[in-house]
Amino acid sequence: MSPVERSVTEYLSHLSVERGLADNTMRSYRRDLRRYLQFLLARDVEDPSNIDENLVSAFLGALRTGDQDHPPLGTASAARTIVAVRGFHRFLVREQVVAQDVTAAIKPPRPPSRLPKALDLGQVEAILDAAGSAGTVLSSRDRALLEVLYGTGARISEAVGLDLDDLDLDEGVVLLRGKGGKQRLVPLGSFAITAVRDYLTASRPALVSKAEPAVFLNARGGRLSRQSAWTVLKKAADAAGITADVSPHTLRHSFATHLLDGGADVRVVQELLGHASVTTTQIYTLVTVDKLREIYATAHPRANH
């Protein structure tokens, strides 16, 4: 194993053990740094001390143009890969493997600013109604799942990761486990509480076949997967006749937007969403500003000539 390969291995171990990054995040880091290693070794660069700024810039260019083994990466994917590479080089400096960070001046490409897509309340209610309309064991589960997603702003991974012990329906709170193993208590509204109670009482017992702690179960009695939860949302949206794009984050975006529209403080929404920085949450305020501008334009007597 070359010195640069050994350093990458040590950095990944640091991320996993000392920083406790989530499995999905670790997979991304491994994939991105594996590609970086291939780039370096193909140029006979086996020692971290032989990497310079020009080489890192060339790697960024290679990400955008692609090669015979890799398609060109979009702005967001290239930026994510460069973030992983910069983290690796900062680690090399901290561990005194090299004297300076050669990526200090390298800036990840900036993706175009895109506002999160949110549904209006009527669309959300149509999806929730469609999810539970069949009156079956699985439709009861689906309604409860989507009520939790919209009622808490949880990521799909957080919702399917819920265990029975994470619910306190009497107090109306749920414990969500977010990125990096961080936990947060989030209120659960009355509609979500009712849907979850109905599911736990009448439907979940018909699905469970073993000692399974998960709240949301699949047809075989195991924990519902993220992909299956996404399919539940997509099918409900289709059944409700929603033509707008619906993604795994749609209900989370709608949760945040509707709270801000209702007058919630952005820092409260930050806590509810589990964002590490309020800057991440503030993108939702752009959505509400657009709505305020629209209302102003139609309601104020001197808004338009």
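Start at helices α10 and α11: α10 passes α11 in a right-handed crossing. Keep in mind throughout that this is a predicted model.

Select residues 250-261 for α10 and residues 266-273 for α11. Their axes come within 10 Å and cross at roughly 155 degrees. An angle over 145 counts as roughly antiparallel, so α10 is roughly antiparallel to α11.

Now show the side chains. From α10, pick R252, F255, A256, L259 and L260. From α11, pick V266, V269, L272 and L273. These residues make the contact.

Next stop: α2 and α4. Select residues 23-42 for α2 and residues 75-94 for α4. Here the axes come within 9 Å and cross at roughly 80 degrees. That angle makes α2 roughly perpendicular to α4. On the α2 side, display S28, Y29, R31, D32, L33 and Y36. They meet R80, T81, V83, A84, V85, F88 and H89 in α4. The contact of α2 with α4 divides into 7 nonpolar, 3 polar and 3 charged residues.

Finish at the sheet. It is open, with 3 strands in the order β1-β2-β3 and antiparallel pairing. Which strands stand at the edges? Select 167-168 for β1 and 183-187 for β3. Each has a single partner strand, so one side of each is left without a neighbour in the sheet.

Zoom in on V174: its bridge partner in β3 is V186.

How values were computed
Residues numbered from 1 in each chain as written. Predicted model: local features only at pLDDT ≥ 70, side-chain atom pairs only at ≥ 80, totals over all residues. Heavy atoms only, no water. Axes fitted to C-alpha atoms, helices over the stretch in contact; angles between N-to-C directions. Helix = DSSP H or I, 4+ residues; strand = E, 2+ residues; numbered from the N terminus. Parallel < 35°, antiparallel > 145°, perpendicular 65-115°, else oblique. Left-handed = near helix turned anticlockwise from the far one by under 90°. Contact = heavy atoms within 4.5 Å. Pairing = 2+ DSSP bridges. Nonpolar A, V, L, I, M, F, W, Y, C, P; charged D, E, K, R; others polar.
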